[in-house]
Amino acid sequence: MALLQLKNVSLRYSAAPLLDGVDFQLAAGERVCLLGRNGCGKTSLLRVIAGEESPSGGELIRVNGITVSRLAQEIPENISGTTVSVIRGGLPAGRHEEEWEAARRVESLMTAMRLPADGDFAALSGGLRRRVLLARALAGRPEVLLLDEPTNHLDVDAILWLENFLLASGTALFFVTHDRAFLKKLATRIVELDRGKLSSWDCDYATYLVRKEAWLEAEEKNRAAFDQKLAREEAWLRQGVKARRTRNEGRVRALERMRRERQRRRERPGEVKLGVTDGGVSGRKVITAENVHFAYGDQVIVSGFSTEIWRGDKIGIVGANGAGKTTLLKLLLGQLAPSAGGVRHGANLQVVYLDQLRAIDGGRTVAQNVAGAAESVVFQGRARHIHSYLADFLFAPDRARAPAKILSGGERNRLLLAKLFLQPANVLVLDEPTNDLDAETLELLENLLVEYAGTLLLVSHDRAFLDEVCTSTLVFGADGEITEFNGGYSDWLRQRGTGNPACVSSGGAADSGHTGRIACATLPKPRRPRKFLNREQWELDALPARIEQLEAAQEELSRQLWAPELYQKEPGKVSVLKSQSAALATEIKAAYARWEELERLREEFT
């Protein structure tokens with residue numbers, strides 16, 4: 001049964017409508033993912049369905065009495081109060097329900113999402129406020145749940161809990177997400193908003209990508225054939241109609257219809273053109289951390305952390321909200337001094353840092369946010385007009401002249417990338433770069449970072465992105481402990497000896513009588529194996545000389561042990577030399593084993 005339906009709905013703010021006569025229906029129990037380019041109108045469509053915005057035309061039909069709840073993409077500025085009061089604000093008025101039932105459900109959600117009951121909402125971090133608003137959207141047990149980028153600012157455990165909660169709830173779900181692992185786990189159907197039209201794809205995401213590519217190729221061929229026919233008819237008309245025959249008059253009318261159709265055509269937006277300004281070659285060893293310790297008062301953030309980051313490494317950083325990921329970045333970059341231990345930097349580092357604050361001046365234009373008052377920028381050593389440069393990030397000239405405050409979340413992120421990539425860099429530091437990006441831009445950024453020759457430090461909760469990009473992963477544990485694993489998110493799960501991520505206590509489903517249920521997600525499969533690391537190549541190159549040095553030292557010890565005068569003049573030294581020789585033999589054996597292991601890894605990953 002359809003819980004809601006859109007019939008020929010239009011929404012227009014300018015000449016090109018965001019929604020151009022779209023039809024859509026959502027059935028009970030469906031979980032539909034809405035895809036589309038940044039700025040195409042996905043959030044506006046959700047607002048129309050939620051009843052927060054009236055369409056320019058068409059009809060929205062709902063089943064009488066159903067509750068529709070929406071989680072917005074941005075955190076509203078007009079919400080205040082304690083955590084529990086904000087969540088209780090999501091309880092629908094007029095629904096008959098015992099007070100104890102509502103109170104138990106709110107408490108269950110707060111426990112599951114690790115929320116402080118008496119915390120002031122305005123004082124919470126962005127990640128915690130996001131979780132509070134998510135709990136508020138879930139508290140009313142809506143029949144239809146609209147989620148706009150629900151995984152933004154959530155840590156991996158919270159995302160896994162949310163996936164399992166939504167799977168078990170049976171609520172009809174219409175959601176927008178950039179998180180492909182989340183999409184693949186939940187979506188029973190995919191719809192796409194493209195140039196004002198809504199198309200439905202009743203398949204999984206991988207099949208959708210194949211079918212969509214074939215559809216675009218067919219569209220291109222049909223349009224090319226249409227344009228050729230239009231050109232022929234225009235040429236015929238220019239030659240002059242020889243007689244006012246009925247057939248010729250019909251041909252002219254058909255040509256006029258083709259002209260109108262061609263005029264209404266909306267071209268598909270191009271692809272973002274991403275590139276990094278080269279900052280030169282850094283030293284081989286980029287950052288060395290030795291027994292780093294850092295705490296805020298009695299709260300230990302980093303404890304006894306040591307690592308070596310080499311040129312070309314792509315390091316992912318994973319941990320719960322508030323674990324200290326951003327603090328670790330600042331320690332590694334030298335922006336914070338450790339309480340104990342030390343951090344050393346290599347030579348010729350050019351660091352560019354995209355932080356979580358996403359600072360954009362909404363009162364200035366898009367172009368001014370990137371170039372200031374200048375009309376041109378220098379990118380990869382070449383001067384370019386600011387409008388030409390912004391066109392690479394899909395900002396048309398009129399959009400470049402518009403105030404930045406009108407941009408969608410994804411467009412804001414694209415603007416920040418445009419600003420970031422102007423700066424020469426051989427070390428990129430990206431704190432949650434994937435939030436709000438559309439699928440096409442996300443994959444382009446992914447490919448850019450995979451091919452990037454410099455060093456990357458990446459904080460992200462996007463499991464698929466970590467799998468594709470990272471050569472190793474730093475994982476926060478308890479009491480400031482940080483452990484390094486080769487590969488991305490899925491490799492971390494395998495190396496720690498489990499096919500599931502850490503089980504997250506859900507505290508009980510909010511709409512059931514059960515408590516303490518444990519929610520565990522299945523292991524996502526990475527699409528790309530890890531690469532042979534630069535540090536491993538350098539270690540492999542150095543091993544022959546190291547083994548030769550060790551064997552020479554062992555030969556010298558053997559020569560001394562064979563000398564008769566040793567036993568005559570220094571008999572007490574014999575046991576010492578034998579012990580040293582045995583230690584060298586063990587070290588040589590380990591070096592040969594490591595050599596074999598590195599050769600095997602090189603053959604496997606190159």
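Predicted model: local features only at pLDDT ≥ 70, side-chain atom pairs only at ≥ 80, totals over all residues.
Residues are numbered from 1 along each chain as its sequence is written, and side-chain values use heavy atoms, with hydrogens and water left out.

Let me begin with the sheet that contains S12. Helices (H or I, at least four residues) and strands (E, at least two) are DSSP runs, numbered from the N terminus, and two strands are said to pair if DSSP finds at least two bridges between them. Six strands form an open sheet in the order S14-S17-S18-S12-S19-S20, with mixed pairing. Its edge strands are S14 (351-354) and S20 (482-486), each of which pairs on one side only. Neighbouring strands here are turned by 15 degrees against each other on average, direction ignored; for all such angles, axes are lines fitted to C-alpha atoms, for helices over the stretch in contact, and angles run from 0 to 180 degrees between N-to-C directions.

Within this sheet, S12 (residues 314-318) is joined by four bridges to S18 (residues 455-459), and the two run parallel; four bridges also join S12 to S19 (residues 472-476), again in parallel. S19 and S20, by contrast, run antiparallel and are joined by five bridges, with Thr-473 standing opposite Phe-485 in S20.

How enclosed is S12 by the rest of the structure? Five of its five residues are buried, so the strand is largely enclosed, where buried means under 20% relative accessible area, exposed over 50% and partly exposed in between (1.4 Å probe, protein chains only). In a regular strand the side chains alternate between the two faces of the sheet. In S12, Lys-314, Gly-316 and Val-318 point one way and Ile-315 and Ile-317 the other way, and all are buried.

Polar atoms of its side chain lie 2.8 Å from the backbone nitrogen of Ala-158 and 2.9 Å from that of Asn-321. Leaving aside neighbours within four places in sequence, the contacts of Asp-155 (heavy atoms within 4.5 Å) include Arg-114, Arg-131 and His-461.

Arg-131 takes us to helix H4, where Arg-131 is among the buried residues. H4 (residues 126-139) has 14 residues and reaches 20 Å from its first C-alpha to its last, close to the 20 Å expected, that span being 1.5 Å times one less than its number of residues. Since 10 of the 14 residues are buried, H4 is largely enclosed by the rest of the structure. These buried residues pack against S5 (68-71), H2 (83-88), H3 (99-112), S6 (144-148) and H5 (156-169). Just after the helix, Arg-141 takes a positive phi of about 45 degrees.

S5 and S6 belong to another open sheet of six strands, ordered S5-S6-S7-S3-S8-S9 with mixed pairing. S5 and S9 (197-201) stand at its edges, each with a single partner strand, so one side of each is left without a neighbour in the sheet.

Finally, the cores, where a nonpolar core is a set of buried Ala, Val, Leu, Ile, Met, Phe, Trp, Tyr and Cys residues joined through side-chain atoms within 4.5 Å. The largest has 51 residues, and those with the most contacts inside it include Tyr-389, Phe-421 and Leu-428. A second, separate core of 40 residues includes Val-132, Ala-158, Trp-161 and Leu-183.

Notes:
Polar contact = N/O pair within 3.5 Å; in protein donor to acceptor, adjacent residues only side chain to side chain.
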